[in-house]
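Here's a quick briefing to keep beside the model while you click around. Have the viewer open and follow along.

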Amino acid sequence: MRHVRRRTVRRATRLAAVGGLLLGGVMVTQAAMASETPATGTAAGGAAQSVASAGADLVKRLGTARTAGAWVDSEGRPVVAVTDEKSAAAVRAAGAEAKVVGHSMNELKSAAAALRSAPRVAGTAWMMDYKSNQVVVRGDRTVSASDWGRMTDVASGIGSFVRMERTEGAFTTRLNGAQPILSTGGRCSAGFNVTNGSNDFILTAGHCGPTGSNWFADNQGAQQVGQTVNSTFPGSDFSLVQYAGGKAGAGADIVAIGDGNGVRITGVGDAAVGQRVFRSGSTTGLRDGEVTGLDATVNYPEGTVSGLIETNVCAESGDSGGPMFSEGVALGITSGGSGDCTTGGTTFFQPVTKALAQLGVQLIVAAPSDAAQNGASPAPSEGAPQPSSSPTQAAVAPGSVTPGSTTPVTGGTGAVSLAARLTDPRNIGPGLLVIAGSLVALVATRYIRAEQDRKAYQRHYSATWG
(Lines give C-alpha, C1' and ligand atoms only; values in the text may rest on other atoms or scores of the structure.)
Protein backbone atom coordinates (compact mmCIF):
# COMPACT_ATOMS: atom_id res chain seq x y z
CA MET A 1 0.00 0.00 0.00
CA ARG A 2 2.91 2.35 0.76
CA HIS A 3 4.28 1.91 -2.77
CA VAL A 4 0.85 2.64 -4.26
CA ARG A 5 0.56 5.84 -2.24
CA ARG A 6 4.02 7.00 -3.31
CA ARG A 7 3.16 6.41 -6.97
CA THR A 8 -0.06 8.37 -6.49
CA VAL A 9 1.73 11.25 -4.77
CA ARG A 10 4.29 11.46 -7.59
CA ARG A 11 1.47 11.43 -10.16
CA ALA A 12 -0.46 14.09 -8.23
CA THR A 13 2.64 16.28 -8.04
CA ARG A 14 3.12 16.08 -11.81
CA LEU A 15 -0.54 16.79 -12.54
CA ALA A 16 -0.75 19.65 -10.06
CA ALA A 17 2.37 21.31 -11.38
CA VAL A 18 1.40 21.06 -15.06
CA GLY A 19 -2.24 21.84 -14.29
CA GLY A 20 -1.14 24.98 -12.49
CA LEU A 21 0.57 26.20 -15.66
CA LEU A 22 -2.41 25.33 -17.85
CA LEU A 23 -5.25 26.48 -15.65
CA GLY A 24 -3.70 29.23 -13.57
CA GLY A 25 -1.89 29.35 -10.25
CA VAL A 26 -4.63 27.74 -8.20
CA MET A 27 -2.88 24.37 -7.91
CA VAL A 28 0.66 25.53 -7.09
CA THR A 29 0.16 25.21 -3.35
CA GLN A 30 -1.39 21.78 -3.82
CA ALA A 31 1.65 20.68 -5.81
CA ALA A 32 3.94 21.58 -2.93
CA MET A 33 1.77 19.65 -0.49
CA ALA A 34 1.50 16.61 -2.75
CA SER A 35 5.27 16.35 -3.18
CA GLU A 36 5.65 15.32 0.44
CA THR A 37 5.36 11.63 1.33
CA PRO A 38 2.19 11.15 3.41
CA ALA A 39 2.90 10.57 7.07
CA THR A 40 -0.42 8.84 7.66
CA GLY A 41 -3.00 6.92 5.68
CA THR A 42 -5.38 9.84 5.47
CA ALA A 43 -2.74 12.21 4.18
CA ALA A 44 -3.18 10.61 0.79
CA GLY A 45 -6.48 12.46 0.60
CA GLY A 46 -4.62 15.69 -0.24
CA ALA A 47 -2.93 14.03 -3.21
CA ALA A 48 -6.24 12.57 -4.31
CA GLN A 49 -7.83 16.00 -4.33
CA SER A 50 -5.10 17.28 -6.68
CA VAL A 51 -5.53 14.30 -9.00
CA ALA A 52 -9.30 14.68 -9.29
CA SER A 53 -9.22 18.46 -9.50
CA ALA A 54 -7.00 18.23 -12.57
CA GLY A 55 -9.71 16.34 -14.49
CA ALA A 56 -12.57 18.52 -13.25
CA ASP A 57 -10.70 21.73 -14.05
CA LEU A 58 -9.85 20.52 -17.55
CA VAL A 59 -13.52 19.79 -18.25
CA LYS A 60 -14.46 23.26 -17.04
CA ARG A 61 -11.71 24.89 -19.11
CA LEU A 62 -12.48 23.07 -22.36
CA GLY A 63 -16.27 23.35 -22.08
CA THR A 64 -19.22 21.00 -22.48
CA ALA A 65 -19.15 21.11 -26.29
CA ARG A 66 -15.65 19.61 -26.37
CA THR A 67 -15.80 17.27 -23.37
CA ALA A 68 -18.12 14.59 -22.03
CA GLY A 69 -17.15 14.23 -18.38
CA ALA A 70 -14.16 12.97 -16.41
CA TRP A 71 -13.49 10.04 -14.12
CA VAL A 72 -10.75 8.37 -12.11
CA ASP A 73 -9.40 5.06 -13.41
CA SER A 74 -8.44 1.98 -11.38
CA GLU A 75 -4.95 3.33 -10.78
CA GLY A 76 -6.12 6.72 -9.55
CA ARG A 77 -5.44 8.64 -12.78
CA PRO A 78 -7.86 11.29 -14.07
CA VAL A 79 -9.38 10.53 -17.49
CA VAL A 80 -11.19 13.17 -19.54
CA ALA A 81 -13.57 12.35 -22.39
CA VAL A 82 -13.09 14.75 -25.32
CA THR A 83 -14.63 15.08 -28.77
CA ASP A 84 -11.59 16.07 -30.85
CA GLU A 85 -7.83 15.53 -31.04
CA LYS A 86 -6.99 19.15 -30.25
CA SER A 87 -8.77 18.83 -26.91
CA ALA A 88 -7.11 15.45 -26.34
CA ALA A 89 -3.71 17.05 -26.83
CA ALA A 90 -4.53 19.72 -24.24
CA VAL A 91 -5.59 17.04 -21.76
CA ARG A 92 -2.41 15.02 -22.29
CA ALA A 93 -0.28 18.14 -21.98
CA ALA A 94 -1.79 18.63 -18.53
CA GLY A 95 -0.72 15.13 -17.52
CA ALA A 96 -4.16 13.52 -17.63
CA GLU A 97 -5.43 10.68 -19.80
CA ALA A 98 -7.66 11.56 -22.79
CA LYS A 99 -10.38 9.43 -24.38
CA VAL A 100 -11.86 10.62 -27.67
CA VAL A 101 -15.62 9.98 -27.79
CA GLY A 102 -18.44 10.57 -30.26
CA HIS A 103 -20.86 12.58 -28.13
CA SER A 104 -20.30 15.74 -26.11
CA MET A 105 -21.72 16.57 -22.70
CA ASN A 106 -24.19 18.87 -24.46
CA GLU A 107 -25.56 15.87 -26.39
CA LEU A 108 -25.75 13.72 -23.26
CA LYS A 109 -27.62 16.46 -21.42
CA SER A 110 -29.97 16.92 -24.36
CA ALA A 111 -30.77 13.19 -24.26
CA ALA A 112 -31.47 13.35 -20.52
CA ALA A 113 -33.76 16.34 -21.08
CA ALA A 114 -35.71 14.39 -23.72
CA LEU A 115 -36.17 11.52 -21.28
CA ARG A 116 -37.42 13.93 -18.59
CA SER A 117 -39.96 15.41 -21.00
CA ALA A 118 -41.46 11.99 -21.76
CA PRO A 119 -44.37 10.68 -19.66
CA ARG A 120 -43.07 9.72 -16.22
CA VAL A 121 -42.67 5.99 -15.47
CA ALA A 122 -42.15 5.07 -11.83
CA GLY A 123 -39.37 2.53 -11.36
CA THR A 124 -37.09 3.97 -14.03
CA ALA A 125 -33.82 5.86 -13.69
CA TRP A 126 -31.15 7.23 -15.99
CA MET A 127 -27.66 8.60 -15.65
CA MET A 128 -24.73 9.67 -17.83
CA ASP A 129 -22.13 6.92 -18.16
CA TYR A 130 -19.00 8.92 -18.93
CA LYS A 131 -16.87 5.84 -19.52
CA SER A 132 -19.10 4.42 -22.26
CA ASN A 133 -20.21 7.86 -23.53
CA GLN A 134 -23.84 6.84 -23.18
CA VAL A 135 -26.98 7.71 -21.27
CA VAL A 136 -28.08 4.54 -19.47
CA VAL A 137 -31.79 4.04 -18.77
CA ARG A 138 -32.70 1.40 -16.18
CA GLY A 139 -36.06 -0.11 -15.39
CA ASP A 140 -36.75 -2.09 -12.23
CA ARG A 141 -39.03 -5.10 -11.79
CA THR A 142 -42.10 -2.89 -11.19
CA VAL A 143 -42.03 -1.43 -14.72
CA SER A 144 -44.55 -3.15 -16.98
CA ALA A 145 -43.67 -4.44 -20.43
CA SER A 146 -45.86 -1.80 -22.07
CA ASP A 147 -44.26 1.07 -20.12
CA TRP A 148 -40.80 -0.26 -20.84
CA GLY A 149 -41.71 -0.49 -24.51
CA ARG A 150 -42.77 3.16 -24.55
CA MET A 151 -39.52 4.19 -22.83
CA THR A 152 -37.56 2.16 -25.39
CA ASP A 153 -39.33 3.99 -28.22
CA VAL A 154 -38.37 7.34 -26.67
CA ALA A 155 -34.75 6.20 -26.34
CA SER A 156 -34.65 4.98 -29.93
CA GLY A 157 -35.83 8.37 -31.11
CA ILE A 158 -32.98 10.09 -29.26
CA GLY A 159 -30.13 8.00 -30.64
CA SER A 160 -28.05 4.86 -30.32
CA PHE A 161 -26.03 6.34 -27.45
CA VAL A 162 -29.01 5.82 -25.11
CA ARG A 163 -28.72 2.31 -23.63
CA MET A 164 -31.67 0.44 -22.07
CA GLU A 165 -31.16 -1.98 -19.15
CA ARG A 166 -33.48 -3.89 -16.83
CA THR A 167 -32.40 -4.22 -13.21
CA GLU A 168 -33.29 -6.48 -10.29
CA GLY A 169 -35.26 -5.19 -7.32
CA ALA A 170 -37.13 -1.90 -7.17
CA PHE A 171 -36.03 1.72 -6.89
CA THR A 172 -37.31 2.84 -3.51
CA THR A 173 -36.52 5.48 -0.95
CA ARG A 174 -34.87 3.94 2.12
CA LEU A 175 -37.20 5.14 4.85
CA ASN A 176 -38.52 2.53 7.26
CA GLY A 177 -36.26 0.14 9.08
CA ALA A 178 -34.22 1.12 12.13
CA GLN A 179 -33.33 3.89 14.52
CA PRO A 180 -31.68 6.33 15.33
CA ILE A 181 -34.22 9.09 14.53
CA LEU A 182 -37.92 8.33 14.61
CA SER A 183 -41.14 10.15 13.87
CA THR A 184 -44.73 9.17 13.29
CA GLY A 185 -43.83 9.06 9.58
CA GLY A 186 -41.02 6.52 9.90
CA ARG A 187 -37.32 6.18 10.62
CA CYS A 188 -34.17 7.59 9.05
CA SER A 189 -30.46 7.95 9.64
CA ALA A 190 -28.74 11.25 10.35
CA GLY A 191 -26.49 12.67 7.68
CA PHE A 192 -24.17 15.50 8.69
CA ASN A 193 -24.41 18.28 11.24
CA VAL A 194 -24.63 21.77 9.73
CA THR A 195 -25.03 25.32 11.00
CA ASN A 196 -26.23 28.73 9.84
CA GLY A 197 -24.08 30.48 12.45
CA SER A 198 -26.90 30.82 14.97
CA ASN A 199 -28.49 27.37 15.12
CA ASP A 200 -27.35 23.84 14.35
CA PHE A 201 -29.22 21.31 12.24
CA ILE A 202 -29.14 17.72 11.00
CA LEU A 203 -28.84 17.45 7.23
CA THR A 204 -30.75 14.35 6.14
CA ALA A 205 -32.94 13.12 3.29
CA GLY A 206 -35.96 15.14 2.24
CA HIS A 207 -38.19 12.10 1.80
CA CYS A 208 -37.73 11.26 5.48
CA GLY A 209 -40.41 13.75 6.41
CA PRO A 210 -42.06 17.04 5.40
CA THR A 211 -41.54 20.37 7.11
CA GLY A 212 -42.99 20.22 10.61
CA SER A 213 -42.04 16.58 11.28
CA ASN A 214 -40.91 15.98 14.86
CA TRP A 215 -37.97 13.61 15.45
CA PHE A 216 -37.08 11.64 18.55
CA ALA A 217 -34.12 9.59 19.75
CA ASP A 218 -36.36 6.99 21.38
CA ASN A 219 -39.45 5.09 20.33
CA GLN A 220 -41.58 6.45 23.18
CA GLY A 221 -41.28 10.01 21.92
CA ALA A 222 -39.72 11.20 25.18
CA GLN A 223 -36.32 12.35 23.87
CA GLN A 224 -36.97 14.95 21.20
CA VAL A 225 -34.12 15.54 18.76
CA GLY A 226 -35.70 18.36 16.79
CA GLN A 227 -38.11 19.37 14.06
CA THR A 228 -37.84 19.48 10.28
CA VAL A 229 -37.77 23.16 9.29
CA ASN A 230 -36.95 22.85 5.58
CA SER A 231 -37.59 19.89 3.29
CA THR A 232 -37.20 19.39 -0.46
CA PHE A 233 -38.62 16.25 -2.08
CA PRO A 234 -39.19 15.32 -4.85
CA GLY A 235 -37.01 17.27 -7.28
CA SER A 236 -34.11 17.06 -4.84
CA ASP A 237 -33.84 15.00 -1.65
CA PHE A 238 -32.61 16.89 1.41
CA SER A 239 -33.99 18.42 4.58
CA LEU A 240 -32.94 20.26 7.74
CA VAL A 241 -33.88 19.10 11.22
CA GLN A 242 -33.31 21.91 13.72
CA TYR A 243 -32.06 20.75 17.09
CA ALA A 244 -34.56 21.22 19.89
CA GLY A 245 -31.80 22.73 22.03
CA GLY A 246 -30.39 24.83 19.21
CA LYS A 247 -26.93 23.26 19.21
CA ALA A 248 -25.54 19.90 18.08
CA GLY A 249 -23.21 19.57 21.05
CA ALA A 250 -19.90 17.72 21.38
CA GLY A 251 -18.93 15.31 18.61
CA ALA A 252 -20.90 17.16 15.94
CA ASP A 253 -18.04 16.71 13.46
CA ILE A 254 -17.93 12.92 13.85
CA VAL A 255 -19.65 10.29 11.70
CA ALA A 256 -19.96 7.02 13.62
CA ILE A 257 -18.85 3.87 11.78
CA GLY A 258 -19.34 1.24 14.49
CA ASP A 259 -17.18 -0.63 17.01
CA GLY A 260 -17.00 2.51 19.14
CA ASN A 261 -15.24 4.47 16.39
CA GLY A 262 -16.10 7.42 14.21
CA VAL A 263 -14.63 9.42 11.33
CA ARG A 264 -13.91 13.11 11.71
CA ILE A 265 -15.41 15.15 8.87
CA THR A 266 -12.87 17.74 7.72
CA GLY A 267 -14.46 19.20 4.60
CA VAL A 268 -17.02 18.92 1.82
CA GLY A 269 -16.59 18.16 -1.87
CA ASP A 270 -18.10 16.82 -5.08
CA ALA A 271 -17.98 13.13 -5.96
CA ALA A 272 -16.06 11.90 -9.02
CA VAL A 273 -16.89 8.92 -11.23
CA GLY A 274 -14.58 6.05 -10.29
CA GLN A 275 -14.04 7.36 -6.76
CA ARG A 276 -14.10 4.91 -3.88
CA VAL A 277 -16.60 6.06 -1.27
CA PHE A 278 -18.00 4.96 2.09
CA ARG A 279 -21.54 5.10 3.40
CA SER A 280 -22.67 4.76 7.00
CA GLY A 281 -26.26 3.92 7.86
CA SER A 282 -28.22 2.91 10.94
CA THR A 283 -29.33 -0.41 9.43
CA THR A 284 -26.25 -1.73 7.67
CA GLY A 285 -23.41 0.28 9.22
CA LEU A 286 -20.29 1.12 7.21
CA ARG A 287 -20.21 0.00 3.56
CA ASP A 288 -18.01 0.97 0.63
CA GLY A 289 -18.11 0.98 -3.15
CA GLU A 290 -17.53 3.16 -6.19
CA VAL A 291 -19.19 6.16 -7.80
CA THR A 292 -20.60 4.89 -11.11
CA GLY A 293 -22.42 7.96 -12.42
CA LEU A 294 -23.34 11.59 -11.82
CA ASP A 295 -26.40 13.73 -12.52
CA ALA A 296 -28.66 10.68 -12.23
CA THR A 297 -32.46 10.92 -12.35
CA VAL A 298 -34.62 8.43 -10.42
CA ASN A 299 -38.38 8.05 -10.77
CA TYR A 300 -39.33 6.87 -7.28
CA PRO A 301 -42.96 5.95 -6.66
CA GLU A 302 -43.23 9.14 -4.58
CA GLY A 303 -41.76 11.41 -7.26
CA THR A 304 -38.78 12.16 -9.48
CA VAL A 305 -35.40 13.27 -8.10
CA SER A 306 -32.59 14.55 -10.34
CA GLY A 307 -28.94 15.50 -9.95
CA LEU A 308 -28.08 12.44 -7.85
CA ILE A 309 -24.82 10.51 -7.45
CA GLU A 310 -25.09 6.87 -8.55
CA THR A 311 -22.96 4.25 -6.77
CA ASN A 312 -22.65 0.48 -6.37
CA VAL A 313 -22.61 0.83 -2.57
CA CYS A 314 -25.36 -1.26 -0.99
CA ALA A 315 -28.03 0.18 1.32
CA GLU A 316 -31.21 -1.01 2.99
CA SER A 317 -34.32 0.37 4.64
CA GLY A 318 -33.45 2.74 7.47
CA ASP A 319 -30.21 3.94 5.84
CA SER A 320 -31.99 6.95 4.28
CA GLY A 321 -30.36 10.26 5.09
CA GLY A 322 -27.11 8.65 6.18
CA PRO A 323 -23.76 10.16 5.17
CA MET A 324 -21.50 9.28 2.24
CA PHE A 325 -17.87 10.36 2.53
CA SER A 326 -14.26 9.52 1.64
CA GLU A 327 -11.02 10.50 3.38
CA GLY A 328 -13.07 12.57 5.82
CA VAL A 329 -14.72 14.63 3.06
CA ALA A 330 -18.53 14.83 3.04
CA LEU A 331 -19.97 13.95 -0.38
CA GLY A 332 -23.60 12.83 -0.22
CA ILE A 333 -26.80 11.97 1.65
CA THR A 334 -28.40 8.55 1.11
CA SER A 335 -31.54 8.90 -1.02
CA GLY A 336 -32.62 5.46 -2.27
CA GLY A 337 -31.91 2.64 -4.68
CA SER A 338 -32.45 -1.04 -5.35
CA GLY A 339 -31.06 -4.29 -3.98
CA ASP A 340 -29.65 -4.94 -0.52
CA CYS A 341 -26.40 -5.67 1.29
CA THR A 342 -26.73 -9.43 0.79
CA THR A 343 -26.98 -9.50 -3.00
CA GLY A 344 -25.65 -5.99 -3.69
CA GLY A 345 -27.40 -3.16 -5.45
CA THR A 346 -27.45 0.45 -6.62
CA THR A 347 -27.72 3.39 -4.25
CA PHE A 348 -28.27 7.06 -5.11
CA PHE A 349 -27.07 10.02 -3.05
CA GLN A 350 -28.05 13.67 -2.86
CA PRO A 351 -24.87 15.75 -3.35
CA VAL A 352 -24.02 17.63 -0.15
CA THR A 353 -22.64 20.69 -1.95
CA LYS A 354 -25.94 21.34 -3.71
CA ALA A 355 -27.94 20.92 -0.50
CA LEU A 356 -25.69 23.29 1.45
CA ALA A 357 -25.89 25.93 -1.28
CA GLN A 358 -29.68 25.81 -1.52
CA LEU A 359 -30.23 25.73 2.25
CA GLY A 360 -27.71 28.46 3.05
CA VAL A 361 -25.91 26.46 5.75
CA GLN A 362 -22.37 25.23 6.30
CA LEU A 363 -21.02 21.84 7.30
CA ILE A 364 -19.75 21.53 10.88
CA VAL A 365 -16.23 20.14 10.49
CA ALA A 366 -13.37 19.16 12.78
CA ALA A 367 -11.41 22.00 14.32
CA PRO A 368 -7.79 22.13 13.09
CA SER A 369 -6.45 20.89 16.44
CA ASP A 370 -8.80 17.90 16.48
CA ALA A 371 -8.05 16.95 12.88
CA ALA A 372 -4.29 17.24 13.39
CA GLN A 373 -4.38 15.02 16.47
CA ASN A 374 -6.02 12.30 14.39
CA GLY A 375 -3.77 12.58 11.33
CA ALA A 376 -6.27 14.36 9.10
CA SER A 377 -5.77 17.39 6.90
CA PRO A 378 -8.05 19.99 8.50
CA ALA A 379 -10.11 22.49 6.62
CA PRO A 380 -9.03 26.12 6.86
CA SER A 381 -10.73 27.71 9.83
CA GLU A 382 -11.07 31.00 11.61
CA GLY A 383 -13.32 30.90 14.61
CA ALA A 384 -16.09 28.37 14.02
CA PRO A 385 -15.21 25.31 11.90
CA GLN A 386 -15.77 25.85 8.19
CA PRO A 387 -16.00 23.36 5.33
CA SER A 388 -13.00 22.75 3.11
CA SER A 389 -12.81 24.81 -0.06
CA SER A 390 -11.47 21.87 -2.08
CA PRO A 391 -13.88 21.37 -5.00
CA THR A 392 -13.44 17.61 -5.26
CA GLN A 393 -11.99 14.79 -3.19
CA ALA A 394 -11.54 11.75 -5.39
CA ALA A 395 -9.74 8.49 -5.78
CA VAL A 396 -6.22 7.33 -5.35
CA ALA A 397 -5.54 3.67 -6.09
CA PRO A 398 -8.50 1.67 -4.69
CA GLY A 399 -6.56 -0.04 -1.91
CA SER A 400 -5.25 3.28 -0.59
CA VAL A 401 -8.54 5.04 0.12
CA THR A 402 -9.98 5.09 3.64
CA PRO A 403 -13.16 6.56 5.15
CA GLY A 404 -11.04 9.16 6.91
CA SER A 405 -9.28 9.76 10.20
CA THR A 406 -10.82 7.52 12.86
CA THR A 407 -11.42 8.63 16.41
CA PRO A 408 -13.10 6.99 19.44
CA VAL A 409 -16.79 7.77 19.86
CA THR A 410 -17.11 9.11 23.38
CA GLY A 411 -19.79 11.76 22.98
CA GLY A 412 -22.62 12.07 25.45
CA THR A 413 -25.44 14.30 26.59
CA GLY A 414 -24.29 15.77 29.87
CA ALA A 415 -22.98 12.93 32.00
CA VAL A 416 -24.80 10.21 30.06
CA SER A 417 -22.25 7.85 28.50
CA LEU A 418 -22.59 5.77 25.35
CA ALA A 419 -22.65 2.63 27.49
CA ALA A 420 -25.55 4.05 29.47
CA ARG A 421 -27.43 4.69 26.25
CA LEU A 422 -26.81 1.14 25.11
CA THR A 423 -28.29 -0.27 28.30
CA ASP A 424 -31.15 2.20 28.59
CA PRO A 425 -34.38 0.14 28.40
CA ARG A 426 -36.13 3.08 26.73
CA ASN A 427 -33.88 2.61 23.67
CA ILE A 428 -34.60 -1.03 22.88
CA GLY A 429 -36.51 -0.32 19.57
CA PRO A 430 -36.94 -0.03 16.74
CA GLY A 431 -39.91 -2.21 15.88
CA LEU A 432 -42.67 -0.52 17.88
CA LEU A 433 -43.77 1.94 15.20
CA VAL A 434 -43.94 -0.58 12.39
CA ILE A 435 -47.49 -1.42 11.42
CA ALA A 436 -47.03 -3.77 8.47
CA GLY A 437 -46.47 -7.38 9.43
CA SER A 438 -43.85 -8.01 6.78
CA LEU A 439 -41.92 -4.94 7.86
CA VAL A 440 -42.04 -6.11 11.48
CA ALA A 441 -40.42 -9.35 10.36
CA LEU A 442 -37.77 -7.45 8.44
CA VAL A 443 -36.96 -5.19 11.40
CA ALA A 444 -36.80 -8.18 13.74
CA THR A 445 -34.40 -9.96 11.41
CA ARG A 446 -32.17 -6.91 11.14
CA TYR A 447 -32.23 -6.44 14.91
CA ILE A 448 -31.24 -10.05 15.57
CA ARG A 449 -28.41 -9.80 13.06
CA ALA A 450 -27.16 -6.55 14.63
CA GLU A 451 -23.82 -6.84 16.38
CA GLN A 452 -22.29 -4.62 19.03
CA ASP A 453 -20.71 -2.20 16.55
CA ARG A 454 -24.04 -1.51 14.86
CA LYS A 455 -25.73 -0.97 18.22
CA ALA A 456 -23.02 1.50 19.12
CA TYR A 457 -23.59 3.21 15.79
CA GLN A 458 -27.32 3.51 16.31
CA ARG A 459 -26.97 5.01 19.78
CA HIS A 460 -24.09 7.33 18.97
CA TYR A 461 -26.34 9.99 17.51
CA SER A 462 -28.73 10.06 20.45
CA ALA A 463 -25.68 10.21 22.71
CA THR A 464 -24.25 13.26 20.98
CA TRP A 465 -27.32 15.11 19.80
CA GLY A 466 -28.99 17.63 22.01
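Predicted model: local features only at pLDDT ≥ 70, side-chain atom pairs only at ≥ 80, totals over all residues.

Buried here means under 20% relative accessible area, exposed means over 50%, and partly exposed is in between (1.4 Å probe, protein chains only). Residues are numbered from 1 along each chain as its sequence is written, and side-chain values use heavy atoms, with hydrogens and water left out.

**Disulfides**

- Searching the whole structure turns up two disulfides (pairs of cysteine sulfur atoms within 2.5 Å).
- Cys188 and Cys208 make one of them, with the sulfur atoms 1.9 Å apart; the link is left-handed, at -100 degrees about the S-S bond.
- Cys188 sits in strand S9 (residues 186-188) and Cys208 in the loop between S11 and strand S12 (214-216), so the bond ties together parts that are 20 residues apart in sequence. Helices (H or I, at least four residues) and strands (E, at least two) are DSSP runs, numbered from the N terminus.
- Cys208 counts as buried too, at 4% relative accessibility.
- Cys314 and Cys341 form a disulfide with sulfur atoms 2.0 Å apart, and this link is right-handed, with 95 degrees about the S-S bond.
- Cys314 is in the loop between S20 and S21, and Cys341 in the loop between S22 and strand S23 (344-351), so this pair joins parts 27 residues apart in sequence. Both Cys314 and Cys341 are buried.

**Salt bridges**

- There are 13 salt bridges in the whole structure, each a side-chain nitrogen of Lys or Arg within 4 Å of a carboxyl oxygen of Asp or Glu.
- Arg138 pairs with Glu165, the closest N and O atoms being 3.2 Å apart. Arg138 is in strand S5 (residues 134-139) and Glu165 in strand S6 (residues 162-166), 27 residues apart.
- Arg138 counts as buried at 16% relative accessibility, whereas Glu165 is partly exposed at 24%.
- Both belong to a salt-bridge network that links Asp129, Arg138, Arg163, Glu165 and Glu310.

**Helix H4 and its cap**

- Asp84 caps the N-terminal end of H4, with a side-chain oxygen 3.2 Å from the backbone nitrogen of Lys86. Asp84 also meets Arg66 in a salt bridge (4.0 Å, N to O).
- Ser87, Ala88 and Val91 are the buried residues of H4 (residues 85-93). They cover an arc of only 100 degrees around the axis, so they lie on the same side of H4; the arc is that of the directions from the helix axis to the C-beta atoms.
- Glu85, Lys86 and Ala93 are exposed on the other side of H4.

**Buried Asp319**

- Asp319 is in the loop between strand S20 (303-311) and strand S21 (323-326), and is buried, with a relative accessible area of 0%.
- The Asp319 side chain reaches the backbone nitrogen of Glu316 at 2.9 Å, and one of its polar atoms lies 3.3 Å from the backbone nitrogen of Ser282.
- A polar contact is a pair of N or O atoms within 3.5 Å; within protein, one must be able to donate a hydrogen and the other to accept it, and residues adjacent in sequence count only if both atoms are side-chain atoms.
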